Amino acid sequence: MSEILSYSFMQRALLAALLVGVLCPTISFFVVLKRLSFLGAGISHTALGGIAIGLASGLDPVLTGSVFAVGTAMSTGHISRLGKISEDTVIGIFYASGMALGIALISTFKGYYPELFSLLFGNILAVSIRDLQLMAAALAVIMFFVMAFFKELLAICFDEEMAVAGGLPVGPLYMGLLAATGLTVMVSIQLVGVVLVAALLVIPGAAAYRLSSNYRSMFAYSLAIGLAGSFGGLFVSYYFPVPPGAAIVLILAAIFALVVAVKYYLEKLN
Amino acid sequence: MRREIAVQEVIKTDQLTVNLGGKTVLEDITFSAATGELTGVIGPNGAGKTTLLRALLGLVPVQKGTLTVLDKRGNHLKEVRPMIGYMPQRQSFERRFPLSAADVVATGLLSPRTTFRRIPEKNKQVSQALGAVGMESYYNSPFQGLSGGEQQRVLLARALAKRPGLLLLDEPNSGLDFPAQQSFIELLRELKEKDNLTIILVSHDLVSIAPAADKLLCINRTMHIHGHPAEVLRSPHLDEAYRCQFDFLTTGGGVGRCWH
């Protein structure tokens, strides 16, 4: 254990696991309750387009990726709210187009591009101090938003029509939630990559939902499962030749399967 | 004198017309509801009943005509929202949501004024609202574990939490079995008597609401008839509104009819 902590890259990786392990389950709680799981997958794939624009133009890829991810999330919400095209159709189109843009731009780079693999599947061991600062800033902004408007966001997830009738600013709060989801996706790509990040946005909340009949315990379970996944995956990848991103997602999937199996068994017993 | 009118007529519409997405959803609706009156709004699916409630809340724009709710009209309509208890249709909420009965009722207290303020877990308004619908012993019960009828009572408590003078209920009876429907309507009648509440109750099910209503408003995009239940049920306009034939079911109370 002390050996792990003696490497500076592992110290940074552990800190990243902590930050993302808090951020993703927080957003996952709302993603599951508002049924935005597909949106999470859509944003992450679109983000590849934004990152590639950054790499091709010399701008900061994290910045262009963030703008792309937040932009996709908010425009999906906006277009589907106009009521002409359904949300899953919009996501389905953004999903593939963003990814295609990313692949098209990256293929123009000369020679082999090794970072592509990190982008797709994450590389938590290569996290820099600057990445950590960005993650911490995103966490601070998103946590402030979520905590300040927690009861309003919960009410919107439960019954949007009633929230509108009560005079709550449903449109801006929903857009804020989508932007927070986009930002979370972007900072989490470092950890698990474009392809796997959706699991971090869905599994903690989905497993916690099955364990709780009250939102307070659901939120706590979601956090515990998210942290167990991110730290567990990191340790597994240290001792076994498995990439950390894949290990994190596999642990989360195993926790979900266990929760479903135990719940099924307990229900059968009663 | 003016004050008296304000108290007497809680809702007044005059040739109200509402367009949504280029289509006329409601046309030429003229009716009024006085304090302590239960008005049943009936009509087939897609008749514009929900739109009428949303217009009363100031959630959809009025194209033509006038609409006055609690003495407010036009852009001022949204000012009366805190004084209105609303119960949207059943499909508007998530049935398997991790909230307790008290949490659900507490969402009825939210308004722009409660932003950044904590609503205490043990809240007097919440327990009183649950008490009013006979659900006080379910305060901490998970909402998802309640029966359909119990959930509807909790949602009614949510609409009552702000102690409104006007209640707008959208198909509160749908999906309930007959005894649950009867006891829900009975509860509404009690609440109306006790607190002198004005209630607008929307339903496509004429039979279940007619006995409790003081007045019925029959619409199918446009208004077909507005009046006392007995008159409405005997009116030939009713068949026209539903575009089907009605027959009397019982003549005992003079209000029961069924349709083919």
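Colleague: Is the crossing of α7(A) and α10(A) left-handed or right-handed?

Modeller: Left-handed. Bear in mind that this is a predicted model.

Colleague: At what angle do those two helices pack, and how far apart are the axes?

Modeller: Helix α7 of chain A, residues 129-148, packs with α10(A) at about 155°. Their axes are 10 Å apart. Angles over 145 degrees count as roughly antiparallel, so α7(A) is roughly antiparallel to α10(A).

Colleague: Which residues meet there?

Modeller: From α7(A), they include A:Leu134, A:Ala138, A:Ile142 and A:Phe145. From α10(A), they include A:Gly176, A:Leu183 and A:Val187. By class, the contact has nine nonpolar, three polar and one charged residues.

Colleague: What about α3(A) and α10(A), at what angle do they pack?

Modeller: About 100°, with the axes 9 Å apart. Those two helices are therefore roughly perpendicular to each other. Among the residues in the contact are A:Ser37, A:His45 and A:Leu48 of α3(A). On α10(A), A:Met186, A:Ile189 and A:Leu201 are among them. The contact divides into 13 nonpolar, six polar and no charged residues.

Colleague: And α3(A) with α4(A), how do they cross?

Modeller: Helix α3 of chain A covers residues 37-57, and helix α4 of chain A covers 61-82. Their axes come within 7 Å and cross at roughly 145°. The crossing of α3(A) and α4(A) is right-handed.

Colleague: Which residues do the touching?

Modeller: On α3(A), they include A:Gly42, A:Thr46, A:Gly49, A:Gly50 and A:Gly54. On α4(A), A:Pro61, A:Gly65, A:Phe68 and A:Ala73 are among them. By class, this contact has twelve nonpolar, nine polar and no charged residues.

Colleague: Switching topic. How many residues are in the largest nonpolar core?

Modeller: It has 164 residues. Those with the most contacts inside it are A:Ala47, B:Val105, B:Leu130, B:Ala157 and B:Leu168. The largest share comes from helix α10 of chain A, residues 170-211, with 27 residues. A:Ala47 also turns up in two helix contacts: α3(A) with α4(A), and α3(A) with α10(A).

Colleague: What does B:Leu168 touch?

Modeller: Leaving aside neighbours within four places in sequence, B:Leu168 is in contact with B:Leu53, B:Leu56, B:Leu57, B:Ile84, B:Tyr86 and B:Ile200.

Colleague: How many residues does each chain give to the contact between A and B?

Modeller: Chain A gives 19 residues and chain B gives 23 residues. On the chain A side, the elements giving two or more residues are α8 (150-158), α9 (160-165) and α11 (215-239). By class, that side has ten nonpolar, five polar and four charged residues.

Colleague: Is α8(A) mostly covered or mostly open?

Modeller: Mostly covered. Seven of the nine residues in α8(A) are buried. They are A:Glu152, A:Leu153, A:Leu154, A:Ala155, A:Ile156, A:Cys157 and A:Phe158.

Colleague: What do those buried residues pack against?

Modeller: In chain A, they pack against α2 (8-33), α7, α9, α10 and α11. In chain B, they pack against α3 (101-107).

Colleague: On to chain B. How many helices and strands does it have?

Modeller: Chain B has nine helices and twelve strands. Of its 260 residues, 42% count as buried. Take contacts in chain B between residues at least 6 apart in sequence: 65% of them join residues at least 24 apart.

Colleague: Which residues there have a positive phi without being glycine?

Modeller: B:Asp28 is one of them, with a phi of about 60°. B:Phe116 is another, with phi near 65°. Most residues other than glycine have a negative phi.

Colleague: Where are B:Asp28 and B:Phe116 found?

Modeller: B:Asp28 is in strand β2 of chain B, residues 23-34. B:Phe116 is in the loop between α3 and α4 (124-132) of chain B.

Colleague: Buried or exposed?

Modeller: B:Asp28 is partly exposed, with 16 other C-beta atoms within 10 Å. B:Phe116 is exposed, with 8 other C-beta atoms within 10 Å.

Colleague: Last one. Where is B:Gly43?

Modeller: B:Gly43 is in the loop between β3 (38-42) and α2 (49-56) of chain B. B:Gly43 is buried, with 23 other C-beta atoms within 10 Å. B:Gly43 and B:Gly22 are 21 residues apart in sequence. In space they are 22 Å apart, C-alpha to C-alpha.

Note on methods:
Residues are numbered from 1 along each chain as its sequence is written. Chains are lettered from A and ligands numbered from 1 in the order in which they are written. This is a predicted model: local features need pLDDT of at least 70, side-chain atom pairs count only at pLDDT 80 or more; totals for chains, interfaces and linings use all residues. A nonpolar core is a set of buried Ala, Val, Leu, Ile, Met, Phe, Trp, Tyr and Cys residues joined through C-beta atoms within 7 Å. A residue is buried if 20 or more other C-beta atoms lie within 10 Å of its own, exposed if 12 or fewer, and partly exposed in between; C-beta atoms are placed from the backbone. Helices (H or I, at least four residues) and strands (E, at least two) are DSSP runs, numbered from the N terminus. Two residues are in contact if their C-beta atoms, placed from the backbone, lie within 7 Å. Ala, Val, Leu, Ile, Met, Phe, Trp, Tyr, Cys and Pro count as nonpolar, Asp, Glu, Lys and Arg as charged, and the others, Gly among them, as polar. Axes are lines fitted to C-alpha atoms, for helices over the stretch in contact, and angles run from 0 to 180 degrees between N-to-C directions. Angles under 35 degrees count as roughly parallel, over 145 as roughly antiparallel, 65 to 115 as roughly perpendicular and the rest as oblique. A crossing is left-handed if the near helix is turned anticlockwise from the far one by less than a right angle, and right-handed if clockwise.
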